[in-house]
Amino acid sequence: MNSPRFPLYIVSKGRSAYMVTSKALTRMGVPHFVVVEPQEVEAYETAIRSMDLLATVLPLDLSFKDRYELCDDLGLSKSTGPGPARNFAWEHSIAAGHAWHWVMDDNIKAFYRLNHNLKVPATSPAFWFAMEEFVLRYVNVAMAGPNYFMFASRKTKMPPFVPNTRIYSCNLIRNDAPFRWRGRYNEDTILSLDMLKAGWCTVQFNAFLQEKMETQKLPGGNTAEFYHAEGTVRAGEKYADTGTVAKSKMLAAVHPDVAEVIFRYRRVHHHVDYSRFKRQRLIRRPDLNLDPAPNEYGMRLVKVA
């Protein structure tokens with residue numbers, strides 16, 4: 001069985017009672033790290049033992065917060081978001097000698113393969129290996145990851161992957177790419193755009209999917225510190241400002257040439273125009289010799305009674 005060749009990191013805060021992504025990875029037989037703040041190490045280690053998870057806790061070096069680029073002038077007066085912990089994971093993987101690493105949110109319920117109009121739960125570690133193998137074919141991919149389950153319709157013809165768009169929540173990152181996470185909010189989109197504007201490519205897989213819980217539904221994380229703290233319900237109106245205004249404004253300020261603040265679905269969102277990056281082509285490694293025969297990397301379809 002082909003297991004992931006690069007390390008996997010979950011960034012978590014205040015959710016030791018749930019361990020949602022860690023449970024999903026454990027079902028797949030994939031060991032992984034969970035990056036948490038020092039004061040939460042004991043709670044997470046206790047949860048890992050009680051749930052029998054294939055996880056190892058890594059305490060966050062808090063100096064990563066001090067030197068994090070927040071993209072605003074509020075400093076440490078409010079939560080930095082997960083960016084510092086993601087940068088810590090990046091540096092930890094480099095120190096361990098890895099060329100790439102995975103970093104993901106802590107509220108991903110399951111992973112799926114989309115093929116022949118079926119979204120099939122993935123329990124094989126080859127799920128990760130197949131995506132790694134794909135990006136290693138190219139010299140100019142900086143980041144990749146699975147699309148959201150809800151954005152990939154099984155009744156619609158879709159390409160197996162989409163190049164040069166945002167990569168959210170579950171990111172395979174090339175370690176020598178000259179970037180780091182930045183931004184108190186929307187750091188996924190900011191990093192994607194930083195890479196694309198510098199001429200690199202990203203790959204969003206439709207063939208491989210992540211089922212992420214809806215933002216703000218799971219206690220802990222940024223729910224209390226960002227969304228609930230900043231959200232207000234406007235009297236006499238039919239929508240709530242659920243903390244998305246500051247997120248959208250930050251992205252538009254950091255990348256004003258491609259991002260704007262819009263109002264949709266009864267709340268404020270951001271919109272990004274990725275069309276200018278479509279002309280950036282994936283460049284194959286010159287030594288690449290592909291076998292034309294399909295390769296399932298050991299994955300097989302099993303009927304569950």
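This is a predicted model: local features need pLDDT of at least 70, side-chain atom pairs count only at pLDDT 80 or more; totals for chains, interfaces and linings use all residues.

Residues are numbered from 1 along each chain as its sequence is written, and side-chain values use heavy atoms, with hydrogens and water left out.

**Aromatic rings**

- Rings of Phe, Tyr and Trp (its six-membered ring) pair if their centres lie within 6.5 Å, with planes under 30 degrees apart counted as stacked, over 60 as edge-to-face and the rest as tilted; the count comes to 17 aromatic pairs.
- Tyr148 and Tyr168 have ring centres 6.0 Å apart and planes at 45°, so this pair is tilted.
- Because Tyr148 lies in strand 7 (residues 141-148) and Tyr168 in the loop between strand 8 (161-163) and strand 9 (170-174), the pair ties together parts that are 20 residues apart in sequence; helices (H or I, at least four residues) and strands (E, at least two) are DSSP runs, numbered from the N terminus.
- Tyr148, at 12% relative accessibility, counts as buried, and Tyr168 counts as buried at 18%, where buried means under 20% relative accessible area, exposed over 50% and partly exposed in between (1.4 Å probe, protein chains only).
- One aromatic cluster is formed by Trp102, Phe111, Phe127, Trp128, Phe134, Tyr138, Phe161, Phe205 and Phe208.

**Charges over rings**

- A charge sits over a ring if NZ of Lys or CZ of Arg is within 6 Å of the ring centre and within 35 degrees of the ring normal.
- The charged end of Arg67 sits over the ring of Phe64, 4.2 Å from its centre, and Arg166 lies over the face of Tyr168, at 4.2 Å from the ring centre.

**Nonpolar cores**

- A nonpolar core is a set of buried Ala, Val, Leu, Ile, Met, Phe, Trp, Tyr and Cys residues joined through side-chain atoms within 4.5 Å.
- The largest nonpolar core has 42 residues, of which Leu25, Trp102, Met104, Phe111 and Trp128 touch the most other members.
- Helix 5 (residues 126-135) contributes the largest share of this core, eight residues.
- Apart from this core lies another, of 23 residues, among them Tyr9, Phe64, Val103 and Met195.
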